[in-house]
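Keep the structure open as you read.

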Amino acid sequence: MISKIYIDGVRSIAGFETEFGPGITVVHGPNGCGKTSILESVHLLAQGFSFRARDLKEMIAWNGDEFILRGSFDDSDQGVKRGIRVGRRSSDVRENGENLKSPTAFFGRMPAVVMQPSDIELLRGAPEVRRRWLDEILCYRSQANASVLKRYRRVLQQRNQWLRQYKRDGVATGGEDLFHVLTEQLVDLGAKLWATRIELSKEISPIITGYYRKLSGGVDEIACAYKSSILKELDALDGAEFLDDSELDKAAMAADRSGLYIASDSGESEDGSVDENALREAYRRKLAGLEFAEKIQGITLSGPHKDDLGVCIGESEMRTAGSQGQCRCAAVAMRFAAVDVATRYLNKPILLLDDIFAELDVKRRDAVANLIGEKACQVIIATPQLEEMPFTPDAEIGLSHK
């Protein structure tokens with residue numbers, strides 16, 4: 001849990017310092033006073049990245065040159081002090097006085113899970129939104145998974161650079177030998193990434209459906225399945241990279257959602273474990289068949305970077321068929337699944353809620369409140385209206401425009 005924070009120069013916040021307790025803290029005040037920026041600052045100190053900004057310089061106040069964050073965390077073993085200074089030309093990151101290369105080095109010890117109205121994009125948005133969510137909690141399970149992800153993305157970038165140069169010039173640096181080396185590296189890392197994602201998908205799918213059932217009052221059911229272009233059930237999607245998203249969704253969800261892991265040549269061995277060698281061979285065959293098209297288009301057309309987590313209600317994709325209420329309910333269920341994964345493999349996360357109760361009806365609001373109570377996590381909630389809270393907080397922080 002986070003026990004203390006100092007924020008200066010983050011968006012509209014200047015010289016703010018406060019302490020947090022282990023229970024529920026509500027940060028309230030009018031719109032634009034910095035409530036979400038406090039949650040963002042906590043998240044950055046805990047996770048090592050912002051849930052709002054791609055570039056941390058975006059967090060600097062419009063008339064400022066830098067921002068400074070300092071936070072104290074109570075770990076299970078010892079206290080941890082973290083500090084970040086980000087300027088327009090330089091930055092400084094420290095943990096317990098030791099210099100670190102970047103805030104991403106914070107990731108993996110003090111997890112934080114944020115819930116916000118924009119989470120509806122987990123259902124409505126493009127596949128990359130769900131992949132990013134899946135990969136974040138994948139890294140909760142193991143630091144080795146973070147390494148595989150980083151290496152896969154690096155090799156994918158190098159392979160795409162080679163393909164772009166080949167498309168433009170007809171030849172590329174390193175020739176065919178380099179291309180085949182990069183392809184083999186991508187195959188190996190892709191198989192490892194697929195294996196870990198499939199295992200995670202099998203773990204979290206029943207968790208998500210269980211939370212959705214509680215949040216919806218059992219009115220309807222959802223199902224989740226990992227969607228990949230190399231698994232047996234999606235063999236009909238050979239060349240799916242050339243289909244648009246709506247066509248891909250229709251074809252994928254027409255497959256047997258409950259039978260995603262039924263055949264050894266689709267990536268699972270007879271004892272139910274993921275067969276990484278089978279995935280590797282399937283990916284190798286897939287890329288061999290796509291080589292001509294890749295050289296024409298100048299990009300890698302298949303791999304984990306093209307996959308999706310399918311969430312459906314009845315026989316239809318939630319992304320297109322789900323109502324606003326159903327999608328919000330499913331998004332909250334996905335966030336609570338992330339809480340469970342973080343708790344199992346790391347520590348109980350800090351739960352950050354950014355004005356989510358206003359988007360829920362009374363029954364779902366009460367259901368979320370009950371789940372929050374069951375988790376017994378440290379909770380920090382940002383809201384403009386205290387009366388919207390379905391429970392009594394342990395502490396309040398009032399903000400106003402200066």
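Rings of Phe, Tyr and Trp count as a pair if their centres lie within 6.5 Å; planes under 30 degrees apart are stacked, and those over 60 are edge-to-face. The model is predicted. Searching the whole structure for such pairs gives 6.

Start with Phe107 and Tyr140. Phe107 sits in the loop between β7 (98-100) and β8, while Tyr140 belongs to helix α3, so the contact ties together parts 33 residues apart in sequence. Both Phe107 and Tyr140 are buried.

Now turn to Phe357 and Phe391. Here the centres are 5.8 Å apart and the planes meet at 85 degrees, so this pair is edge-to-face. Distant parts of the chain are linked again: Phe357 is in the loop between β12 (350-354) and α10 (362-375), and Phe391 is in the loop between β13 (379-383) and β14 (395-398), 34 residues away. Phe357 and Phe391 are buried.

Rings also group. Trp162, Tyr166 and Phe179 make up one aromatic cluster. Elsewhere, Arg82 places its charged end over the ring of Phe73, 5.4 Å from the ring centre.

Next, the empty space. Rolling a probe the size of a water molecule over the atoms shows where such space is left. The largest pocket has a volume of about 1,600 Å³. It is lined by 44 residues, and those closest to its centre are Phe49, Arg132, Asp135, Glu136 and Arg153. Elements giving two or more residues to this lining include α1 (35-47), α4 (143-169) and α5 (175-216). Which element gives the most to the lining of the largest pocket? Helix α3 does, with 10 residues. By class, the pocket lining has 21 nonpolar, 10 polar and 13 charged residues.

The structure holds 2 cavities of 30 Å³ or more. The largest cavity contains about 120 Å³ of space. Among the residues that line it are Met115, Pro117, Arg328, Arg335 and Glu359. Helix α9 gives the largest share of this lining, 4 residues. The cavity lining divides into 7 nonpolar, 1 polar and 4 charged residues. Helix α9 (324-345) is also one of the elements that give two or more residues to the lining of the largest pocket.

Key
Residues are numbered from 1 along each chain as its sequence is written. This is a predicted model: local features need pLDDT of at least 70, side-chain atom pairs count only at pLDDT 80 or more; totals for chains, interfaces and linings use all residues. Side-chain values use heavy atoms; hydrogens and water are left out. On a 1 Å grid over the protein atoms alone, a cavity is a set of points where a 1.4 Å probe fits but cannot get out, and a pocket is an open set with protein on both sides within 12 Å along at least five of seven lines; lining residues have an atom within 4 Å of a point. Grid points are joined across faces, edges and corners, and a volume is the space filled by probe spheres set on the points. Ala, Val, Leu, Ile, Met, Phe, Trp, Tyr, Cys and Pro count as nonpolar, Asp, Glu, Lys and Arg as charged, and the others, Gly among them, as polar. Buried means under 20% relative accessible area, exposed over 50%, partly exposed in between (1.4 Å probe, protein chains only). A charge sits over a ring if NZ of Lys or CZ of Arg is within 6 Å of the ring centre and within 35 degrees of the ring normal.
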